[in-house]
Amino acid sequence: MQLDIFDHSRDVMLRNDVVDALERREASLASAAWRAFANEFPHDDTLSALAVLIEALEGSTVAVFAAHDALRDARRTLDHDIEPAARRVFGERAGTMWVAAVCRVMALRAARLPFRGDRDEDHAVPLWLRAGDWQAAADAVGRIESWRRIPASLAWMAEARYRLEGLEPIWALLAEFAWLAPARYGELTRRLADPSLDKLRKQFDAGFEGDGDVADLAWFPAWVLTEKPGVARWLGQAQPSRDGAPERAMRLLLELIGLERQGRHRDVVDRRKVLRDTHPVLYGAYLRTR
């Protein structure tokens, strides 16, 4: 029985030697420890995952990606091989942290690649976000021309600034994104996973009667003002977008809130009529809170 315990301890010890070297990101030590482990326990089910991580360290380089295809190939290896192996070896939390360091190096290597609308994932920003370097992500988005008019880059900036500043300062970006790409709005809010935003979204889905499709989300910023008029100061910072009906409705509600605060009742009545004609359901939601 003691011999069995000793044998079990031996494989744990050898495996930990590899893991410790990987945690310190020492490729040569990890490789030597892996060979020692494999020699004694050639059928251990963690050997392949450990080998993937060692290969990732050994292949690490600061050389820039020469083209988008090179980044795409590296990203596929990261997604399909390195990240699953890291989670297998280190567990969910520590594995994510180990991969973050890989993403940081890849982001630096991708820094010179220009943004391409047909290859938006092959850019440095998604890697900075995965690395958890929110400021670097925001800075990289800011270097994309007209980033505020592109769904991918607008979503990246919203996420980066959310991680840096919280929900309130990004309401303007969320509004612009809802008008620009309502079909992708749910994807963004899922990534943010903000409890108060998720609560508002559930209320909107349950109570707002629109066309019954994702395009209804373009009305979400205007509807939010009927529930939380206090965010008017933030939504008022939204830049002009497509000047569609949802955008005009939000700006009309901003105007109404301002008029109410000034006590200009006659003007409030006139603007309420415009809101009623613009969207009766939104008008009803507005009146229920008055």
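W156 is buried, at 8% relative accessibility, in this predicted model. Its ring pairs with that of F115 in an edge-to-face arrangement, because the planes stand at 80 degrees, with the centres 5.9 Å apart. The structure holds 9 aromatic pairs by the rule applied. It also has 1 cavity of 30 Å³ or more, and a largest pocket of about 400 Å³.

**The F115–W156 pair**

- F115 lies in the loop between helix 5 and helix 6 (124-131), whereas W156 belongs to helix 8 (residues 151-165).
- The two residues are 41 positions apart, and the pair links distant parts of the chain.
- F115 has a relative accessible area of 21% and therefore counts as partly exposed, since buried means under 20%.
- W156, with its 8%, falls under that 20% cut-off and so is classed as buried.

- F204 is buried, with a relative accessible area of 3%.
- W223 is buried as well, with a value of 4%.

**Arginines over rings**

- R25 is placed over the face of W98, 4.3 Å from the ring centre.
- R163 has its charged end over the ring of W134, at 5.6 Å from the centre of that ring.

**Largest pocket**

- The space in the largest pocket comes to about 400 Å³.
- Its lining is made up of 19 residues, and those closest to the pocket centre are A56, G59, S60, I82 and V102.
- Helix 3 (47-58), helix 4 (68-90) and helix 5 (92-109) each contribute at least two lining residues.
- Helix 5 gives the most to this lining, with 6 residues.
- By class, the pocket lining consists of 11 nonpolar, 4 polar and 4 charged residues.

**Largest cavity**

- R148, R149, E176, L180, Q239, P240 and S241 form its lining.
- Sorted by class, these lining residues are 2 nonpolar, 2 polar and 3 charged.

- S146 has a phi near 55 degrees, a positive value in a residue other than glycine.
- The position of S146 is in the loop between helix 7 (134-142) and helix 8.
- S146 is partly exposed, with a relative accessibility of 47%.
- A193 is another residue other than glycine with a positive phi, near 50 degrees.
- A193 is found in the loop between helix 10 (185-192) and helix 11.
- The relative accessibility of A193 is 47%, and A193 counts as partly exposed.

Note on methods
Residues numbered from 1 in each chain as written. Predicted model: local features only at pLDDT ≥ 70, side-chain atom pairs only at ≥ 80, totals over all residues. Heavy atoms only, no water. 1 Å grid on protein atoms, 1.4 Å probe; cavity = no way out; pocket = protein on both sides within 12 Å on 5 of 7 lines; lining within 4 Å. Points joined across faces, edges and corners; volume = space filled by probe spheres on them. Nonpolar A, V, L, I, M, F, W, Y, C, P; charged D, E, K, R; others polar. Helix = DSSP H or I, 4+ residues; strand = E, 2+ residues; numbered from the N terminus. Phe/Tyr/Trp six-rings, centres within 6.5 Å; stacked < 30°, edge-to-face > 60°. Buried < 20%, exposed > 50% of the residue type's maximum accessible area, 1.4 Å probe, protein only. Lys NZ or Arg CZ within 6 Å of the ring centre and 35° of its normal.
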